[in-house]
Each structure stands twice: as structure tokens, then as C-alpha cells.
Amino acid sequence: MPVTDVQHDLDALTLTITADFAAPVERVWEVYADPRQLERVWGPPGYPATFVDHDLTPGGRMNYYMTSPEGEKYYAYWDVTGVDEPERFTFRDGFALDETFTPNPDMPVSSQVYDFAAGDGTTRATFVATYASAEALQQVLDMGVVEGSTLAINQIDELLAS
Amino acid sequence: MTEQDEDRADAWFHALSDRTRRDILRRVLAGEHSVSALARSYDMSFAAVQKHVAVLEKAGLLTKRRQGREALASGDVEAVRSVGAMLTDLEALWRGRISRMDELFAADTQHTTDTTPTHGTD
């Protein structure tokens, strides 16, 4: 299994995943640089992703949607904040209102840092996702995109959200 | 629901029926706060804020510990566990993405070792 480490930081609301890929760092980078390859990995099963705009440059925008098995579309975007090919890129991941890809101000934005370190023909990838609050995390999961939810919604969360 | 659950629900609903207490709970779920720091956030006396904290504590929504002269309050463990559950859900999404990338790279290797010049059917 390529995943070698997972860290949950409950206070910082950060998820850090480390994976070792049997491919050189340039090949791993290509997945993100090529929208057609990114579409093959991004969406969970049953929710294929379609990248409408793809600009992996600092200040660039990635606009995409995921389609649910019922045909409902979830619009989302990345605001690319930094690119250091092929080692690192950072972006803010948010949800959009509709096909205009206008950011949805009621939905949270997470901060994402992807690092790729070259080994001997292999790549150690580190993915770090940070959420602003427990409510933000809840909202992202409530979108229903995450499959096989293990989450039993806590009564307290519901009361706090009301 | 057992009698004990009913009592607990009464305590929760009572504790959460006040907007200041809901606000305090939001803050301490995000991280530990001293009661004096919480008191400075509201336009009310320290004693009044302390009383709100006590109601939340009695309902089991908040826990307190002492550090020197400070009383430090943090959100209930169950609620923190729910954050853990949420991160676990996201982890599942990530593991899926990583395994799809792995498959993509495995397919590359198959193509390069393939003697025929044509690509696979994908």
C-alpha cells in the first residue's frame, strides 16, 4: 500500500497523509498538470470529476465539478497559491455556487499543501489539508461527496449548527 | 431512552438554551480557553460567565482543569471525537485518491513493458 502514514491533528483540524509512489516525481506531478489524468484520480467512486478550467500556476484557477450517481453536480474550485514544479504546490480548495464557479461564501475553504520528494525513481508525497473549524469540516462532509461515511452525526454538532 | 439519558438530554437542552453558553461551547470546542479569557469576550461580569461555564460543565459538555491560578475549559471529549471521525472520513477519500494514482502508475509500467506499440484499452 502506498500510504505510509496518516496524522490527524484534532486541535489544528489538519489531516496529513504520506504516500510512497513507485513513480518518479515528474510522473506524479504530471497527474496534477494534466486535467484528464487528474479527473481519473480526483473524484471518489461514483462521483467522477470534470475539470472545466485548469491553470496550475501561482494565482491560477482550477474549476471543476463532480457528478453524483443521481446526476447532481457539485461545483468546486482551487485557487492556486503557489507552484514549485515538480516539488510542491499549494491551493485553497472551496465550493462554488454553480457553473459560473463563483465561490460559495456559505461554504468553508480549506488550505492544501502538496509536497513531492524525489527518491530513487520513487516519490514520497505529503498531502496536508487544514480546515478552519469543526463546523467547516462538518459542512464539507455534509456535501455527501465522501463515500462510506463513518460519521454518526453527533447530537451536539446538530444543536450547535441550529 | 433510559431515565439517565432523559436526564442528560434535559441538562443538554437547558445548557444549550442560552446563546452565551452556545457561544462559549463553540469557543472551547475549537480549543482550550481560560475562564478569564472567555469572560473578557462578553459584556458581562466574570461571575456571570463562570456560572455559564458551570452549567455547561454540569451538562457534561465542557471539562475544566486548573493550571496555577487559571481555570482552563475545553469542549467535551465526545465532540472532539466527532472531529476525529470527520478527519477519518476525509482520510478515506484521500486513501481512494492515492490508490487510484498508484493504479495509474502501475498501468504506465505495464505499457512500457508491453511489446505491442498500442496502449491499453483505458
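Predicted model: local features only at pLDDT ≥ 70, side-chain atom pairs only at ≥ 80, totals over all residues.
Student: What is the order of the three strands in the open sheet of chain B?

Tutor: The order is 1-3-2, with antiparallel pairing.

Student: Why is one side of strand 1 and of strand 2 in chain B left without a neighbour in the sheet?

Tutor: Strand 1 and strand 2 (62-67) of chain B stand at the edges. Each has a single partner strand, so one side of each has no neighbour there.

Student: Which helices of chain B touch or lie across these strands?

Tutor: Helix 2 (residues 19-30) of chain B lies across strand 1, strand 2 and strand 3, and runs at about 90° to strand 3 of chain B. Helix 4 (residues 46-58) of chain B packs on the sheet too, touching strand 2 and strand 3. The direction of helix 4 makes about 120° with that of strand 2 of chain B.

Student: Which members of the largest nonpolar core touch the most other members?

Tutor: Val28(A), Leu25(B), Val53(B), Leu56(B) and Leu62(B), out of 53 residues.

Student: Why is this core said to lie between domain 1 and domain 2 of chain B?

Tutor: Domain 1 (3-75) and domain 2 (77-114) both give residues to the core, so it lies between them.

Student: What is Leu56(B) in contact with, leaving aside its neighbours within four places in sequence?

Tutor: Ala15(B), Arg21(B), Ile24(B), Leu25(B), Leu61(B) and Leu62(B). Leu25(B) and Leu62(B) are also on the list of core residues that touch the most other members.

Student: Now chain A. How do you know that the buried residues of helix 1 line one face?

Tutor: In helix 1 (residues 25-33) of chain A, the buried residues are Val25(A), Val28(A), Trp29(A), Val31(A) and Tyr32(A). Seen down the axis, they fall within an arc of 145°, so they line one face of the helix.

Student: Why is Leu13(A) called buried?

Tutor: The cut-off is 20 or more C-beta neighbours within 10 Å. Leu13(A) has 21, so Leu13(A) is buried.

Student: Why does Phe101(A) count as buried?

Tutor: Phe101(A) has 20 C-beta neighbours inside 10 Å, and 20 is enough, so it counts as buried. Phe101(A) lies in the loop between strand 6 and strand 7 (110-118) of chain A. Its phi is near 60°, again positive in a residue other than glycine.

Student: What makes strand 2 of chain A alternate?

Tutor: Leu15(A), Ile17(A), Ala19(A) and Phe21(A) point to one face and are buried.

Student: How many bridges link strand 2 of chain A to strand 8 of chain A?

Tutor: Eight, in the antiparallel sense. Ile17(A) has Phe127(A) as its bridge partner in strand 8.

Student: Where is the cis peptide bond?

Tutor: Between Glu85(A) and Pro86(A), where omega is about -5°. Pro86(A) is in the loop between strand 5 (73-84) and strand 6 (88-95) of chain A.

Conventions:
Residues numbered from 1 in each chain as written. Chains lettered and ligands numbered in written order. Core = buried A, V, L, I, M, F, W, Y, C linked by C-beta atoms within 7 Å. Buried ≥ 20, exposed ≤ 12 C-beta atoms within 10 Å, placed from the backbone. Domains from an automatic or database assignment. Contact = placed C-beta atoms within 7 Å. Pairing = 2+ DSSP bridges. Helix = DSSP H or I, 4+ residues; strand = E, 2+ residues; numbered from the N terminus. Axes fitted to C-alpha atoms, helices over the stretch in contact; angles between N-to-C directions. Arc of directions from axis to C-beta.
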